[in-house]
Amino acid sequence: MLNRTDYLLKGKTEALKAINVHNNYIHTQVIEGKNTTFIVEKPPIAIVKDSLREYGMTYKGALQAAKYKLDKKSTPPIRIWGAQDMYWFYFSSQYDIDNTFVSLAHIHEMQPFNKNMT
């Protein structure tokens with residue numbers, strides 16, 4: 001599998017999956033479309049923060065805006081690049097370095113799991 005040292009989120013990016021590599025370092029498996037997968041040698045949260053900076057935002061600002069707009073106190077979706085309406089959802093706490101992110105644009109259907117989860 002191809003390895004990269006850097007990556008910015010794009011409209012075709014579907015998911016950022018945390019993977020644990022040797023010595024407990026966290027890298028990211030990036031999924032683009034049905035046939036493109038590669039490894040980025042940094043955690044998913046670092047890719048999200050780098051992408052926000054590149055598109056003129058900060059992680060803290062994106063969190064504050066999401067919490068304000070959605071009236072939600074924890075783990076709101078992060079909006080990356082307003083021109084493409086790119087929203088990203090966490091799988092666990094926003095503070096977890098090994099978090100996995102999924103793009104709203106690439107979710108085809110949501111199903112209820114239980115009363116508080118989808």
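**Strand pairing and burial in a predicted model**

R4 faces V40, a residue of strand 4. This contact between strands belongs to a parallel pairing of strand 1 (residues 3–4) with strand 4, made over two bridges. Strands are taken as DSSP runs of E with at least two residues and helices as DSSP runs of H or I with at least four residues, both numbered from the N terminus. Two strands are said to pair if DSSP finds at least two bridges between them.

The model is predicted, and local features therefore need pLDDT of at least 70, side-chain atom pairs count only at pLDDT 80 or more, and totals for chains, interfaces and linings use all residues. Residues are numbered from 1 along each chain as its sequence is written, and side-chain values use heavy atoms, with hydrogens and water left out.

The secondary structure of the protein consists of two helices and seven strands. Along the sequence, these elements follow the pattern β-β-β-β-α-α-β-β-β.

Confidence in the prediction is expressed as pLDDT, the predictor's confidence in each residue, from 0 to 100. The protein has a mean pLDDT of 79, and 75% of its residues reach 70 or more. The highest confidence is found in strand 4 (residues 36–40), at a mean of 94, and the lowest in strand 6 (residues 86–90), at 69. Where pLDDT is low, the predicted coordinates should not be read in detail.

Strand 3 takes part in two hairpins. In one of them, strand 2 (residues 13–21) and strand 3 (residues 25–32) pair in the antiparallel sense over eight bridges. Within this pairing, Q29 of strand 3 is the residue opposite K17. Three residues lie between strand 2 and strand 3 in the hairpin, and N23 in the turn has a positive phi of about 60°. In the other, strand 3 runs antiparallel to strand 4 and is joined to it by five bridges. Here V30 stands opposite F38 of strand 4. The hairpin of strand 3 and strand 4 likewise has three residues between its strands, with a positive phi of about 65° at G33 in the turn.

Strand 2 also pairs with strand 7 (residues 101–103), in the antiparallel sense and over two bridges. The bridge partner of L16 in strand 7 is F101.

T13 lies in strand 2 and is buried, with a relative accessible area of 0%. The side chain of T13 makes a polar contact of 2.5 Å with the side chain of Y7. A polar contact is a pair of N or O atoms within 3.5 Å; within protein, one must be able to donate a hydrogen and the other to accept it, and residues adjacent in sequence count only if both atoms are side-chain atoms. A polar atom of the T13 side chain also lies 3.0 Å from the backbone nitrogen of K10. A15 is likewise part of strand 2 and is buried, with a relative accessible area of 12%. The C-alpha atom of A15 is separated by 8.1 Å from that of Q29, which is 14 residues away along the chain.

For the protein of 118 residues, 35% of the residues count as buried. Among contacts (heavy atoms within 4.5 Å) with a separation of 6 or more, 42% involve residues 24 or more positions apart.

Key. Buried < 20%, exposed > 50% of the residue type's maximum accessible area, 1.4 Å probe, protein only.
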